[in-house]
Structures are given as structure tokens and as C-alpha cells.
Amino acid sequence: MDFYQMKCVLTVAKHHSVSKAAEELCVTPPSLSQQIKKAEDELGVKLFVRSTHDIWPSEAGNEFIKRAQKIFAELSKMNDIMNNYASGTIGHLVIGCVPVMKESGLLHFIKLFTERYPHISLEFYEAECFDLYPLLYSGKIDVLISTAADPEKPKKIKLKSYPLAEDELVLVTSKKHRFANRGIIKLKETAKEPFISFSPSSSLFRVTVDACRRSGFMPVSSCRTHNFDTALGLVAANGGVAIVPLKKVTHTKWKNISIHRLSPKISRTLYLVFLRSGIAKINPIVENFEQFMAQCHLDLHFDEYN
């Protein structure tokens with residue numbers, strides 16, 4: 001017995017009439033009667049008791065109808081759930097992100113996304129920028145919040161990205177440093193300074209090196225760390241200078257550091273990055289996330305430094 005036969009039985013039981021049921025199903029009454037008879041022959045029971053004017057379920061028919069209704073209810077529920085998966089309103093989204101979520105203002109919009117899509121569970125994977133791109137390419141993360149493009153992207157990989165915000169970078173020094181009482185520092189003045197540098201897999205490392213090269217020198221690293229707070233502690237102890245994001249350092253716990261704007265100005269951009277394969281269908285949850293973030297018209301400007 002197939003679902004169509006069950007539907008025929010349920011429709012006849014609903015109308016107590018073969019002709020009315022046939023009209024609803026857009027078939028002829030003889031064709032519908034054949035389907036009912038076929039079902040009865042397969043089951044070995046009479047599903048309906050016929051009278052001159054109408055048709056009523058038999059005892060076996062009532063039992064069949066009760067169970068068939070449950071099957072169709074579950075089928076309808078299953079279809080609804082599958083439609084939710086197909087439309088990207090239910091499921092799991094893994095977001096790879098560089099360590100800027102708190103100060104970027106993105107968490108507010110993530111909260112709004114979860115309110116709009118309460119049946120999508122989010123998982124965050126935080127790491128340095130260039131450690132995240134391979135995870136995006138392999139499908140281990142679905143979307144990337146990054147601060148730089150990948151210079152080593154394989155040619156066959158297609159990405160779509162758009163900027164969210166500009167992030168100004170500033171120089172931090174100890175309050176005992178010779179720059180301590182100055183507001184703006186020319187980057188080339190730091191050529192002989194020992195730098196506290198970050199992981200080469202971070203965009204901050206590459207942006208710093210590129211900016212120094214444009215100013216005619218290569219920064220000399222006195223110490224390298226993966227931890228932002230450790231870097232500020234070393235700067236506070238007058239162990240070197242560092243180039244860091246303005247917003248990230250503005251509310252630091254380290255009190256004996258000085259913050260200086262740089263000339264020329266250095267900045268990096270916060271991007272939303274999606275994997276785009278030419279033929280494969282894009283994950284509908286990723287599409288919903290992309291569209292939502294675009295509709296928010298994100299204004300993630302970093303606080304002004306006074």
C-alpha cells in the first residue's frame with residue numbers, strides 16, 4: 001500500500017462519498033473506487049460499509065483511518081522540518097573568528113541573529129586570522145570573521161567577502177618611554193625600537209610588517225607572543241613597543257602604558273568571508289547569516305581615541 005491509497009481512503013472517509021472525494025482529489029469516481037478496492041484487497045478487509053446514499057468506515061476501516069491519520073500527521077511534521085532545513089532556519093552554524101568579537105560590536109548582531117533564528121545553534125571557533133582560512137576551505141567552519149585576505153588562497157577556492165568595519169592601529173609604549181608624552185608618532189621614528197610582535201599567523205603581525213616596510217625599515221622583534229594581554233604587560237614593563245588595535249587597548253587594565261596615533265595612519269578591515277564553490281549549493285544557513293548581517297547595515301565604528 002502506498003501513500004496515495006491511504007490518502008484516497010482518508011478522503012472518502014472525510015466526505016462519506018466517493019463522488020465528493022473524487023472531486024477533491026481531481027480524479028473520476030470509478031478511478032477512486034478502484035483505488036479503494038485495491039487497498040481493501042491488499043489488506044484483506046473491507047474498509048467501508050456502503051449504503052444506497054453514502055459510505056461509512058467499517059470497524060477495520062476506523063482502525064485504519066486512525067493510524068493513517070497519525071502517519072500523515074508525522075509525514076506533515078517531517079516535511080515541515082525538512083523545509084526548515086532546506087530554508088536554513090534550523091541547524092548548526094560554525095563561525096570562525098579572530099579575537100575581536102567583544103570590541104567590534106559584533107556580539108550584539110549575533111544576539112539579534114539568534115533571536116530571529118532561534119532553532120539555529122551557533123558555535124564559535126576563535127583563532128588567528130591565517131589559521132582560520134584552511135578550516136574554511138575544508139568545511140570545518142562555515143563562515144569567517146577575518147581581518148585580512150588570505151595571500152595563500154588556492155586558485156580553485158572562490159570566496160565572497162565584504163567589509164564590516166575599519167580598525168585603527170596605534171602604537172603603545174611604556175609611560176617611561178621617550179615617546180610617552182607625545183600624541184602622534186611617525187612610524188619611521190620607531191625603526192630602531194624593539195617591537196613586541198604577535199603570531200605570524202595573525203593579521204596584526206602582517207599589517208605591522210607591511211606598514212614598517214612602506215616606511216623604509218623592517219621591525220626588530222625583541223619578543224613574540226600569542227597573547228594580547230602578555231604583549232601589553234611587556235610594553236608596560238618597558239620591554240618594547242607594539243602596534244595594536246585602538247579599541248582593544250583603550251580599556252586595558254594596564255595603566256602605565258601610553259597610546260599614540262601613528263603617521264601615516266595604519267588600519268585593518270574587519271571582513272565577513274564566505275566560501276563560494278562554483279557548482280555546489282551554498283549552505284542555506286550561511287546564506288541566511290550573510291543576508292542578515294547585510295540587512296543590519298552594520299555600523300561597527302571603533303571608539304574615537306581622545
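His16 lies in the loop between helix H1 (3-15) and helix H2 (18-25). This is a predicted model, and its chain holds 11 helices and 12 strands. The chain has a radius of gyration of 33 Å, whereas a compact globule of 306 residues would have one near 19 Å.

**Overall form**
- The C-alpha trace spans about 105 × 40 × 30 Å along its principal axes.
- Buried residues account for 45% of the 306 residues in the chain.
- Of the contacts between residues at least 6 apart in sequence, 72% join residues at least 24 apart.

**Nonpolar cores**
- The largest nonpolar core has 38 residues, and the members that touch the most others are Leu93, Ile145, Leu272, Phe289 and Met293.
- At least two residues of this core come from each of strand E3 (91-97), helix H6 (106-116), helix H7 (129-138), strand E5 (143-146), strand E6 (159-174), strand E12 (266-275) and helix H11 (284-295).
- H7 gives the most to this core, namely 7 residues.
- Leaving aside residues up to four places away in sequence, Leu93 touches Phe113, Ile120, Ser121, Leu122, Glu123, Asp142, Val143, Ile285, Val286 and Phe289.
- A second, separate core has 30 residues, including Val207, Leu232, Ala242 and Ile266.

**Helix H7**
- H7 is mostly covered, with 7 of its 10 residues buried.
- The buried residues of H7 are Cys129, Phe130, Leu132, Tyr133, Leu135, Leu136 and Tyr137.
- An α-helix has 3.6 residues a turn, so residues three or four places apart point the same way.
- The cover over the buried residues of H7 includes E3, strand E4 (120-126), E5, E6, helix H8 (203-214) and E12.
- After H7 comes Gly139, which has a positive phi near 85°.

**Backbone geometry in loops**
- Ser263 and Pro264 are joined by a cis peptide bond, with omega about 0°.
- Pro264 sits in the loop between strand E11 (257-263) and E12.
- His16 has a phi near 55°, a positive value in a residue other than glycine.
- With a relative accessible area of 23%, His16 is partly exposed, because the partly exposed class lies between under 20% (buried) and over 50% (exposed).
- Asn238, also not a glycine, has a positive phi of about 65°.
- Asn238 is in the loop between helix H9 (228-236) and strand E10 (242-245), and its relative accessible area of 37% makes it partly exposed.

**Selected residues and separations**
- Ser104 belongs to helix H5 (residues 101-104).
- Ser104 counts as buried because its relative accessibility is 3%.
- Between Ser104 and Val49 the C-alpha to C-alpha distance is 71 Å, and the two are 55 residues apart in sequence.
- Lys156 is placed in the loop between E5 and E6.
- Lys156 counts as exposed because its relative accessibility is 74%.
- Lys156 and Pro118 are 38 residues apart in sequence, with 35 Å between their C-alpha atoms.

Conventions: Residues numbered from 1 in each chain as written. Predicted model: local features only at pLDDT ≥ 70, side-chain atom pairs only at ≥ 80, totals over all residues. Heavy atoms only, no water. Helix = DSSP H or I, 4+ residues; strand = E, 2+ residues; numbered from the N terminus. Rg over C-alpha atoms; globule rule 2.2 N^0.38 Å. Buried < 20%, exposed > 50% of the residue type's maximum accessible area, 1.4 Å probe, protein only. Contact = heavy atoms within 4.5 Å. Core = buried A, V, L, I, M, F, W, Y, C linked by side-chain atoms within 4.5 Å.
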